[in-house]
Amino acid sequence: MNPFEFLGWFGNIILSIGVIPQVIQTWRTHDVSSFNWPFLLMWAFGVLFTFVYIAQGDMVRGSFQWPLWLNYIVNILATFYLVYAKYKYGKTVTTK
């Protein structure tokens, strides 16, 4: 493994792990009040579309960038869970 490949793996592992504490906290507390819809949706579709771009390029080249795949798959799953949680738990009840 060359130094740049190591940096790629290390950076993408950090990015993959970085979202997990937020998912765990949201799972436990159901508190989504600090998430806003534009951020969540842009993040979710941004990681999804970027993954599709990377996957298509890798398949054409026949050379796979596994660190990026790891990062984007974890982030897609985590982000779409957070979108689901925002939808499910973010309904506010107003009282008169």
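Helices here are DSSP runs of at least four residues, numbered from the N terminus; with that convention in mind, and remembering that this is a predicted model, begin the tour at the N-terminal end.

Select residues 3-18, which make up helix H1, and within this helix pick out Ile 14. The side chain to look at here belongs to a residue that is partly exposed, because the relative accessible area of Ile 14 is 46%, a value that falls between the 20% and 50% cut-offs. Now extend the selection to Met 1, Phe 4, Phe 6, Leu 7 and Phe 10, which together with Ile 14 form a nonpolar patch on the surface, with about 740 Å² of accessible area together.

Next, colour the stretches that the unreviewed UniProt entry annotates as "transmembrane region", namely residues 6-24, 36-56 and 68-87. In the model, residues 6-24 are 95% helix and 0% strand, with the end C-alpha atoms 28 Å apart. Moving to residues 68-87, you will find 100% helix and 0% strand, and here the end C-alpha atoms are 28 Å apart.

Finally, centre the view on Thr 26, which lies in helix H2, residues 20-29. Thr 26 counts as buried because its relative accessible area is 0%, and buried means under 20%. Display its side chain together with the backbone of Gln 22, whose backbone oxygen lies 2.8 Å from a polar atom of the Thr 26 side chain. To see what else surrounds this residue, leave aside the neighbours within four places in sequence and show Asp 31, Val 32, Phe 35, Tyr 81, Leu 82 and Ala 85, with which Thr 26 is in contact.

How values were computed:
Residues are numbered from 1 along each chain as its sequence is written. This is a predicted model: local features need pLDDT of at least 70, side-chain atom pairs count only at pLDDT 80 or more; totals for chains, interfaces and linings use all residues. Side-chain values use heavy atoms; hydrogens and water are left out. Helices (H or I, at least four residues) and strands (E, at least two) are DSSP runs, numbered from the N terminus. Buried means under 20% relative accessible area, exposed over 50%, partly exposed in between (1.4 Å probe, protein chains only). A polar contact is a pair of N or O atoms within 3.5 Å; within protein, one must be able to donate a hydrogen and the other to accept it, and residues adjacent in sequence count only if both atoms are side-chain atoms. Contact means heavy atoms within 4.5 Å. UniProt positions are given in the numbering used here, feature names are shortened, and annotations may be inferred rather than shown by experiment. Patches are made of residues with over 30% relative accessible area and no salt bridge: like charges are joined within 9 Å, nonpolar side chains (Val, Leu, Ile, Met, Phe, Trp, Tyr) within 5 Å. Accessible areas come from the Shrake-Rupley method with a 1.4 Å probe; for residues, only the protein chains shown count as cover. A salt bridge is a side-chain nitrogen of Lys or Arg within 4 Å of a carboxyl oxygen of Asp or Glu.
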